[in-house]
Structures are given as structure tokens and as C-alpha cells.
Amino acid sequence: MPATSMDQLVSLCKRRGFIFQNADIYGGLQGVYDYGPLGVELKNNLKAAWWRSMVYERDDIEGLDAAILTNQKVLHYSGHEDTFSDPMTDCRKCKGRFRADHIKDGKCPNCGSTDLTEPRPFNLMFKTNIGPVDDGSSFGYLRPETAQAIFTQFKNVVDSTSRKLPFGIAQIGKSFRNEITPRNFIFRVREFEQAELEYFVMPGEDEKWHEIWKEARIKWWEEQGLKREHMNIYTTPKDDLAHYAKACYDIEYQFPHGMEELEGIANRTDYDLGNHTKAQEEMNLTSHCHKNPDSTQKLCIMSDDNKWVVPFVIEPSMGVDRGVLAVMTEAYTEEDLGGGNSRVVLKLKKHLAPIKVAVIPLKKNNEQIMAKCHEIKQNLLKLGIGRVALENTGNIGKAYRRHDEVGTPLCITVDFETIENQPESVTVRDRDTMEQTRVNVADLPNYLRNYFVE
Ligand code: GAP
């Protein structure tokens, strides 16, 4: 098991403003969390790293940002209305409700009773009324995955970008699932974010691409700081596959509560495009579940040998919240400094750190020093490296400890030497080594550019 416990992370998250329970002042809303001042930065940085690797660094992937509210027909033809459920069981004694597949030894996790109902399917989608008339006929859903809009917008993206196979569409956004038992902090929640790629390939090339994406995604997680030995690749048994998948790998991570799924990489075949397509009988589909008299489009693309084909889809789908939990678990370190002293350091990769640089005055409320701090901050912001924080607490030791705890890679201290001597210089302190280097103020932009730009 990892050295980091969930209690340590939950405590740090609240204390330093990463993650708070939603509606805390009213007793909370179960399975829903809010990201605080530092959490929003960390989450944005993780999403930016994903977007950069998927969309900017490649030439075969386009982006999309589709709506959360979803037309009922989309989730009917995708198969989610029929099959997107978990088995639920009730305890007759304490009236608790649980996921049947999470029950151990046939005992209620709440009271230990063995008097449990037979499992029955519970659909996880949030249904909502759309429009002013609440008569049950005009409803939609909050999307349970971001993927469906990528499929329904497939033709528009292909037509507007002239793409050929293979190519992908990437999207980051909120998804909602009415989990029976949300648990383990932000690991299993009812409102969460996904970063999903649907990568469209020629039928027959799907298995090759499935392997390629598995390797690419493991490498990406390593670049976010996760050690390979803390990850496991789980091949989903055929009987446990989602209704749309022919095969699936899970990248699992050693979370504080155990080795669990961080990202799924599924081979969705032509299932989704096939189900959303009209005139299915003309399309040579290998897999679909519904006849579709409602769709107005054939979701296909011209192959190199001038035939219309419904592509197969490889889907790497990561949970952003689980990603945040994983990188924090990996980065959390308690160091013994000797002499009874210790420190907590969040050894995040620098591109993920919520605050990149803290500018700290040696003396609180000293006008000259503060003016220099402001000037340095403004100049550093121009580098576009992310958040530069300005402190005015007057306690250097405390400021260093605080920034160690939230993962700030560099602290710049402005002291009397800075303003009294020429050339002006500051102390730059490294989070991990705690080494301090004197750097001329004029050289700071270059110093930081070299440090942050990889
Ligand atoms: N489009 C495919 C799809 O949604 P999934 O395995 O159900 O597949 C993908 O979800 C990822 O979304 C998971 O690997 C996980 O990281 C994240 N995820 C799923 N349910 C979640 C929940 N209730 N809370 C937090 N993250 C969740």
C-alpha cells in the first residue's frame, strides 16, 4: 500500500484550499465536491497537460466542447437507457442501499445483517425535465459520459475539417452518475470530469490501435509523475465489459484505498456510430443494438479505396478527479529534517503545481521591498508560466513550509540586499532540494524560462 493515507490527503486538501465538501454549511451533498483556490489550478493544469498532448502536440486530433444536457434519443440509441446500471441491494434491517457487487460475505456494510434483497438494476443517469412543462414527456439527461456528443457530432467535425482515418476527437467536461454509494473522497463521485478521446480507425486496424493507445497513455501518466510500479494494467474479462465494448484495458493506480481504475481504454468497435446512424442495413455494421428510425445521418467516412465505412473507435477515457487524486497521492511526502523537525512537501511535477513561483518579502509591510516584489511579480507574469503568488506575511520560514505543502517549485525572497546593492539580486529557493541560489533580478526571466519551459 502507498505511504500516503486518504486522511492525510483530505486534511491537506481542506487545510490548504484544494478541495472542499460541497454545501458544507448545510451538512454537505453526498458525492459532490468543490475545488478551492489551489485545487482549481491543479485540475486546470492536469487538463491543460492532457489537451496539449492530445490536441496540440499531434496532427490527427480535433477538439470539441459539447453540451451537458443530452437529448433522450441520444442515450436511448447509445444503449444507456437500457443498460447503464449498477446492481443495487437493500438491507431490510437498517434500510441502507448498496451496490450489490461491493457487498462482502453477504453482509450489510452498515449493520452487518445478512437480510438483503435480491440485487436489481439501478440506472445511474440523472433524468431532468427540459422546458417549462413538467408533464414527463419532455425530459433529457445530464450526460453520463462526454463521449456521446463526439459520436453525434462526428459528421459535422468530419465535414468541417476534411479528416481522413485515422483521426480523433478529444473533449474534456463534466459527467454525472447517480452512484449508489459514492465513496473514497473524489474517487467515486456523482459529478465529475472526464477527458475523453474517441480515436476513429479503419475496421480491422482497431486492435493495433488499442495497443498503441494503451502504451501512449501509460507514458503520459508517467509524465504526470506517477511511477510505473504504482500502476497496473487490468484487462477486463469479456463478461464484465461495458455494453458497447469489445475489449477494454483499465490503467489502475495504487490509490490510498487500493489499486483501482484511473483510466479506461476501450475498443468500442462501430457500436456507437452504428447505433446513431440511419439506414444501418446499408452500412455493414459489426455491432449494434437498436434499429434507428430517428437519425437523419449516416455516420460514416470515405476510406482510401473510396468506400463508405463506419469507423471503429478506440477510447482512452480518464477521470480528471481521479487524476488529481492520483498525482496528489504520488506527490505527498513527509520528510524528516533532523533535530525533531519535519516537513510535508507536495512533490508535484512543476507543470502541475498550482502556484509556480511565490515572491516573498523578507520584511512585512516594508514599502520599498513590497514595491520590488510587485515589480518582480508583474515581470514574471509576462512569461505565461501560470500563477505567481505574492506573500506579505513577513515570516520566511512559515512561507517556505506553506509553499512546500502546496507544491510551489520555487520561492523568490526579496531582502534588503535586493534593494540596497547593485546589481539587484534575490534568493531563489528550490522546493525539493531546499537549496538557495542568488540570482540577479535582470536574469530572473531567463532563469525561470529555462526552469519551467520543458
Ligand atoms: N466513455 C467511457 C466511460 O465513461 P468509464 O470507465 O465508465 O468509461 C471513464 O469512465 C473514467 O471516468 C473512469 O476510468 C474514471 O476515471 C472516471 N469515472 C467514472 N465514474 C466515475 C465516478 N463516479 N467518479 C469519478 N470518476 C469516475
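Mentor: Start with helix α11, residues 396-406: its buried residues are I396, A399, Y400, H403, D404, E405 and V406. Buried means under 20% relative accessible area, exposed means over 50%, and partly exposed lies in between (1.4 Å probe, protein chains only). Helices are DSSP runs of H or I with at least four residues, strands are runs of E with at least two, and both are numbered from the N terminus.

Keep in mind that this is a predicted model: local features need pLDDT of at least 70, side-chain atom pairs count only at pLDDT 80 or more, and totals for chains, interfaces and linings use all residues. Residues are numbered from 1 along each chain as its sequence is written, and side-chain values use heavy atoms, with hydrogens and water left out.

Now the two ends of α11. At its start, a side-chain oxygen of N395 comes within 3.3 Å of the backbone nitrogen of G397. Just after the helix, G407 has a positive phi of about 90°.

Move on to helix α12, residues 416-420, which holds E420. E420 counts as exposed because its relative accessibility is 59%. F20 is 400 residues away from E420 along the chain, and their C-alpha atoms are 44 Å apart.

Step back to the whole chain. It has 13 helices and 24 strands. Of its 454 residues, 52% count as buried. Its C-alpha atoms fill a box of roughly 80 × 65 × 50 Å along the principal axes.

Next, the ligand. It is surrounded by 19 residues, and the closest are E145, R177, E196, E261 and E315.

Strands β11 (191-201), β14 (258-269) and β17 (312-319) each give at least two shell residues. The largest share, five residues, comes from β14.

Finish with the contacts. A backbone N or O atom of L262 is 2.8 Å from a ligand oxygen. An N or O atom in the side chain of R268 lies 3.4 Å from a ligand nitrogen. For the side chain of R322, an N or O atom is also 3.4 Å from a ligand nitrogen.

How values were computed: Near = heavy atom within 4 Å. Polar contact = N/O pair within 3.5 Å; in protein donor to acceptor, adjacent residues only side chain to side chain.
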